[in-house]
Amino acid sequence: VNFLRRGSAAGKQGPGQRKVRGRLFLKYVALFVAVVCLALLSNDLFQLRFSIRDYMAMSTRIQQGQAEIAAAKIGQFVTEIEGQIGWIAHLAWADSQPDEWRFDVARLLRQVPPIMEFAKIDDLGRERLRVSRVAPEVVGSLADRSREPSFVEAVSNKVYYGPVYFRVESEPYMTLSVAGVRRDAGVSVVELNLKFIRDVIAQFKLGNGGRAYVLDAAGRLIAHSDLTMVLSRTDFSQLRHVRSALSGGSTGPPEDDLATEDINGRRILAAHAEIAPLGWRVFVETPVEEALAPLYEATRRTGLVLVAALILASLAGLFLARRMVVPIRSLVAGAARIGSGDLGQRISITSGDEFEILGAQFNSMAAQLQDSYASLERKVDERTRELELANLAKSRFIAVASHDLRQPLHALGLFVGQLHGHVRSTEGRQLVERIDGAVLNMNELFTVLLDISKLDAGVLVPDLTEFPVDHLLKRMDATFAAAAGAKGLSLRVVASSAWVRSDSILLERILQNLVANAVRFAAHGGVVVGCRRRGAALRIDVCDSGPGIPKDQQRNVFGEFYQLAGPRQDQHRGLGLGLAIVDRLCRLLGHRLELASTPGKGSRFAIFVPPGGRTTRNRPAPQPPPVPFGSAGGQARAHHRR
Amino acid sequence: MRRREFIAGLGGAAAWPLAARAQQPTMPVIGYLTAGSPEVSVNAVVAFRKGLSETGFVDGRNVVIEYRWAQNELARLADLVADLVHRRVAAIATPGSVPAAVEAKAATTTIPIVFSTAGDPVRLGIVASFSRPGGNVTGVASMNHELLAKRLELLVEAVPGAARIAVLVNPNSAFTESTVSEAQRMASELGRQIEVLYAGSDRDIDTAFVSLTEKRADALVVTPATLFLNRRVELATLAARHAIPAIYFERANAVAGGLMSYGPDEMDQYRQVGIYTGRILKGEKPADLPILRPTKFEFVINLKTAKSLGLTLPRITLSRADEVIE
């Protein structure tokens, strides 16, 4: 049954196990969540990392497109003006009357607001007409303008785009001159107010932070989404992307770093395109923040998805962990209950997986344990019953023996007693005396044999109590004082206040045998009985001044019917069973027996008895042994523990 | 008792928005300063507030406009400016009033001033240059004064028979002298006789028309001045009464009954003043804001007036018109 106890002891580690179970649960959930989130997060971060670059590249490409469209529009703005001048440019001064010219120019100015001034120069370079929105008309001044580039260049190239100049050092203007198809048509020169380009730029939807501006070949600002930038002649030429555009002339964005800084130091994406006939450049800028706004929005949404995934993963992990842990828990609980001896316990898991198989294995194991335990119990019962029967038979035998064998022995004793009266002759009396002695010996021998057989059968169970050793010592004195005196021996019993833990009757029997032996074998001198503390034990010594036992025979004296060969052969030398009984009793009680002897001087038998507490304990009265144990060593009286 | 409580409750309810307004100490204050009077400046004020609202500022909601009118008494300007400076207004706007701008610039070098003028502000000395005004002053220059020659030309073209042309000038303007000399120069160029008439106040206008008749002028050029814009109806009425064809400097004059007008949209200039004031309230520095100049000059003809004058306008004049009022 011991292993069951051990099982229950293992079951007592409950709290520790519960802690472990909790950790498993959390570990499982955390692992699940971590795996899901790690997968999502790494995917998102990976995507984000590349998306930012892609987005910036894409935004730059879009801006590039915008810049090219803007460049085309601005180019168109100029070519349209060119076209609108066209019809008037192809007319020679002589083709119409001055009044008609004035009409035509008035119409041109009304139709084309950017034209601030118009001049018609004939093929010789003389100014025929000058119309301004601000100044009065000048007709036929014939001023010589043949050396002006607006005339010279237009004559050779048909069209002349003058450099940008600034009126009142603020407003950008440009001279545009167109030569007629015929040589005598001369050249028509207009002064264009470039502030109108802003209207072209303003058409582009560049977002809140987006900016577009136009620089001429020299890097001077011609147009900007914010007109005040142009009017205040803000210098854009030192911006990194502007510098690289003006010097390198590459139309694409720099590949190494897509972002750059604008005039206010904001991080922007920039693109530019050349306005073909003019040599100007359109720059389109978008703040990086704004360009990436959709990406950030997408990232935010991804973040939300991530959070949702986290929650879902947590729930799924929780669910799965529960599905994992609940069967484990019921397994652990079932195993613990089986371990604590409840073999009838069955684990019920219906998860339909390995856990169910494991549970079934547990159940079959428990069933087998239950079976073998039941058969074991049955066997134990059988054996116990057999033993009881055997014991009973033995007891019966002993009872029969003690009764049936003693009957004729007693009868024999009685007959010998009666024989005393009938025999008168001295010889006959001697014979009767011997018969009487033999019967007595036989009776004694029988009692001792019975005792030994009882000891050997293990029927005797010592009743250990604590008692003062002095009681026993005094009894020894009382019992053997007369016998010793009769032999002329001195018996000295040293009183002791020590308590011992032993069976008082069996210990008394040991001492009786030893003292009886001592008195019997000591021819002269005396016998001393006393106690001595030796370590944890109390040593009770029985010393005599007998013939002593030779060293080589000291072990044999404890054998049955062993008698020392000696000069004194008398009839009182005993049966040779006393020390055998002493030896068996000491073994039964667990007391060490020691013999120290010197031939010719004497012997000392010592018994080591564990000491008892000095206080009298409130103990129940000692129970009688199941089998009576008779006294021996010359004492005919049998002890019955009642 | 109950009635009194009710009234007290009403009072509380009425006071609540005021209290709410008082709790916004950050609401900036703009000083609106002109040499004129409120009753004739309605259009200007409307245009100014329109410009201001384009930058997100609405009077009473997130900005307070303190109006200061000199009622055409220039001497009062100094006190009015001093008061605004004392109140530490966030900006001073002087739409259409050069004297006010000059007075304000003299009074403070820290409070931003946004002006509008019909003349050249650099020549006036209130800004350093068009592109970089520097200091605390910026604004709008309509350059309307520069168009005198063009107006004379248009007038002569429309009324070719006009031999004697009167030019109505505001004597208090910083541009009076240059206007007069320009008019004299043009007179010789056009081969016409020029009579300069001065009018600095309402009463002067009547007087000027009297002398205009005395001098038997055939046509009239009204030079740019806030007074002549403000008194556009009176001018148109007087011109009609004296049966004199006139050219003005602002579309509003033609709309009010003037025969012709040539010049930039002055109302738009006032709107620009509002925009600039708003931009300054948002933190931009006047020194960084360049002087704005108009890009469009409109020639407007009032055909009703022409008809009432019994005037047949030549084809070329009609063909130049950007707008014809019929």
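1. Across the interface of chain B and chain A of this predicted model, the rule finds four salt bridges, a salt bridge being a side-chain nitrogen of Lys or Arg within 4 Å of a carboxyl oxygen of Asp or Glu. One pair that meets this rule is Glu137(A) with Arg320(B), whose closest N and O atoms are 2.4 Å apart. On the side of chain B that touches chain A, α6 (148–158), α12 (266–281) and α14 (315–320) each supply at least two residues, helices being DSSP runs of H or I of at least four residues and strands runs of E of at least two, numbered from the N terminus.

2. In terms of extent, 29 residues of chain B are in contact (heavy atoms within 4.5 Å) with 25 residues of chain A. The two chains bury about 2,300 Å² between them, 55% of it on carbon and sulfur atoms; this is the accessible area, with a 1.4 Å probe, that the two parts lose on being put together, summed over both.

3. Residues are numbered from 1 along each chain as its sequence is written, and chains are lettered from A and ligands numbered from 1 in the order in which they are written. Local features need pLDDT of at least 70 and side-chain atom pairs count only at pLDDT 80 or more, whereas totals for chains, interfaces and linings use all residues; side-chain values use heavy atoms, with hydrogens and water left out.

4. Within chain A, the side chains of Arg475(A) and Glu508(A) meet in a salt bridge at 2.3 Å, N to O. The pair links distant parts of the chain, with Arg475(A) in helix α12 (residues 469–487) and Glu508(A) in helix α13 (residues 504–521), 33 residues apart. Arg475(A) is partly exposed at a relative accessible area of 41%, while Glu508(A) is buried at 5% (buried means under 20%, exposed over 50% and partly exposed in between, with a 1.4 Å probe and protein chains only).

5. Asp541(A) forms a salt bridge with Arg539(A), the closest N and O atoms being 2.8 Å apart. Asp541(A) is buried, with a relative accessible area of 7%, and Arg539(A) also counts as buried, at 8%.

6. In chain B, His145(B) lies in the loop between β5 (137–141) and α6 and is buried, with a relative accessible area of 16%. Leaving aside residues up to four places away in sequence, His145(B) touches Ala118(B), Gly119(B), Ser173(B), Phe175(B), Thr179(B) and Pro224(B).
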